[in-house]
Structure formats: structure tokens, C-alpha cells
Amino acid sequence: MKTETKYIPSLEAVQRATLTLKEILSPTPLMLNIRYSQQLDANIWLKREDLQQVRSYKIRGAYNKISSLTDEEKKNGIVCASAGNHAQGVALSCKLLGIQGTIYMPETTPKQKIEQVRMFGEDWVDVVLEGDTFDDSGNSAMKFCEENEKTFVHPFDDEKVIEGQATIGLEILDQATSPIDYVLVPIGGGGLASGLSSVFHLLSPQTKIIGVEPEGAPSMQTAIKEGQPVTLDEIDKFVDGASVKRVGEKTHYICSQFLSDVITVPEGKICQTILDLYNRDAIVVEPAGALTISALDLYKDKIKGKNVVCVVSGSNNDITRMAEIKERALLYANLKHYFIVRFPQRAGALKEFVAEILGKTDDITYFEYSKKHERENGPAVVGIELKNEEDLAPLIERMKKRKFYGDYLNNKPDLFQYLV
């Protein structure tokens, strides 16, 4: 049976969700960030959903949905699919409400998120790792759900979930001391953006709501452009909390009505934001949690002198990912470069490369070389970190002049992934 997709949450429904959630959580802070405010000449407020018990806003929708089930549905148990944060919200909700849950997660989910799910759910949940993406695990979860007559708790395309996420909008309006000009909200499947934009449409229609997606997974932007949800062929799964191939029917309808704009941010820029927040503000965020702050530069001319809220959606970041995060940030900033370097197979060639070709502040961070006999030159894959991006052209010129240059790998993604 086809479900009605032209749904918009009522203010009464969101207020009921607020009362339901008061049982388990308190409002998260709306905090002025001095550094970004000075940098952008605006009042930049951070809605700190990373400070939830499960370290993301997803508990709002999950608990509101599961608590609304009938006694029979609760007895039969629930099923969900998630890349991490929704799973944690569902797991905690299952434990708090005494309901058995089966949680499907992609096999690529960071280990930290999997362990958190098991910790929050304890004996009330079973975790099943299936597929490479949320969509893969979602298909398996739906099949299991149907075969076992359980209730599926969708991470975003569900009325009760949307109403739960919408409570963030009520909190922001209650906490704000001045009228809000812009709210930047992250988008994965669109549940948060749908709920929040609906509340602002009703209570603060002058506020512009800007949806932010990772550049490698522009599912909502594509859906709005095409006039309907579209399944993307490929996505970059790095921003795991906001990387889905297809947004929801309900969420697409609401977002297409109430969002002022949907923009995308490169994954490398997101990584730099993660590092900046950690090093300068002592705030730990996951990639999806850094989306909205990463987008501020794209709106810097429009937000000057304005009151701007960025929803910081989560902080479930695995420390083992920090090396990759730093690498992506350096590549995006044009400070990390990989080459195939052709070393003359003679003594002193490496010394010559270091002394005569590298700049004084250049640093070799990756080196892979295998000496092959009976060849004039031996290729090596070399990663070099620069202090300034202007140093790249002179470096390449010196390599070519002394016959060391083989190839530049940064702009050859297929070869890059194979060799590095």
C-alpha cells in the first residue's frame, strides 16, 4: 500500500514529542562561538547536539517513534538500519522502554559506533553487520522485518521520527535571544532538516534554512533538482552519518517546500573543520557533525552581521580515523602531494633528491621504493607535505630539471587509490 508522502508535521505533534522526550533528555545548549563569529563578522551559534547522551540528535526521533508503538508492536520487537547514530538512539530507546531490537549496520561502520550501539542497548539489541552502505543494510533489515513481522524504525522517512527531530527547532527558538536569520542544518536522509524547517516555517518564517550535504553524497540536492527522490549510483561514504543514496519521500516533500537552499561541502574541507574544532575549540565532532560549520565560508557574504545557527549533529568520531581525516584535509588544502619519482639507480640519488630538490620546509611523509636491477631508473611513490601551496610548482620544476619527475598522482584518483 502506498503511503501518503505529502505530510508536514503540525506544531501540536512536535510539542507532544517534546513532552515525550522530557522523560529522557534535557535541551542541548545553544552556544555562541567567538572564533567563528569574529572570523565571519556574524553571530555564529552552535546547537550542540553532539552533547546528547548518545552523542547525536538521533535519540529524539528514535525514542519518539518507539515510545508511540502499540503494546503488541512493542512485544513483537523492532528493527532498524543505520550507519551509526540512529542505531545508538534506537539501542538506548530499546533499553529504556524494555523492547527487543535488531539493528542492521553497514560493515563499513566505524568500530567505535558499533561498540557504542552494543553498550547503549546491552541485552536488548542484536547487531547485524550487512553491506557496504546504509542502503545495503536497509534492504536486509526490511527483508528481516517483513519475514518476522516486526516494526521497522526508519532513520528519517517516518512521521514520528521527523516530529522527534523537529524538537530541536523548538529548542533553538526558545533559547535564542534575538531573531535568527539563518539556520544551517546537515542532511543525510532529511529527517532533521524536515522537522526543523517545518517548525521554523510555522514560528519563524523569515529565517532561512540552509541544508548542507557532503559533496560525495548530494542526495537531497539531486532530489530537489529532479523533483523527486533519486537513487544515486555511487556515493562517497566518508561522511557516514550523512551519506545515503536516496532521501525519503516524506523528507523530500518537506525539504522542497521549506529549505531556502541546499549546498554541498567537499569532504576535505569537512576534515579541516574537524581538526580546527578539536585544536582550537576543544570540540570533538564526527564528519557529519562538522558539515554545517564547514559551509559557513560558502555563505560568508550573506551572513555578515546576521544571527546564524549551525546544528552540530554528532560527535561519534573514531580516533583511528584521525590519520585519514588529516590526510584528506591536507589534500584539500593543496598541501599534501603524491608523485611517482624516478630515482637514478646509483648511490647518492636519494641524498640528491633531499638536498637539492626538496624545499627547506618540505617534508617526505610517504615513501615506497623497490630497487630493480638492470634499469637506469627505479620508480618510487613519494608523498610530500608542503608548508605553503605556492611551493608546489617550484618543486615540480626542480624534479623535472634533474630528471626525477615521473608523474603527479593527486589528480589521478584511480591510480592514487591503487598506489597509496
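Analyst: Let's start with a term: a residue is buried under 20% relative accessible area, exposed over 50%, and partly exposed in between, using a 1.4 Å probe and protein chains only. The model is predicted, so local features need pLDDT of at least 70 and side-chain atom pairs 80 or more, while totals for chains, interfaces and linings use all residues. Numbering starts from 1 along each chain as its sequence is written, and side-chain values use heavy atoms, leaving out hydrogens and water.

Our spot is Asn317, in the loop between β10 (307-312) and α15 (322-332). Those labels are DSSP runs numbered from the N terminus: helices are H or I with at least four residues, strands E with at least two. Asn317 counts as buried because its relative accessibility is 11%.

What does Asn317 touch, leaving aside residues up to four places away in sequence? Its partners are Gln112, Ile274, Val285, Glu286, Pro287, Met322 and Ile325, where contact means heavy atoms within 4.5 Å.

Now for a helix pair. The axes of α5 (residues 85-97) and α6 (residues 111-121) come within 7 Å and cross at roughly 15 degrees. That makes α5 roughly parallel to α6, a label for angles under 35 degrees. Where they meet, α5 brings Asn85, Ala87, Gln88, Ala91, Leu92 and Lys95, and α6 brings Lys113, Gln116, Val117, Met119, Phe120 and Gly121.

Methods:
Axes fitted to C-alpha atoms, helices over the stretch in contact; angles between N-to-C directions. Parallel < 35°, antiparallel > 145°, perpendicular 65-115°, else oblique.
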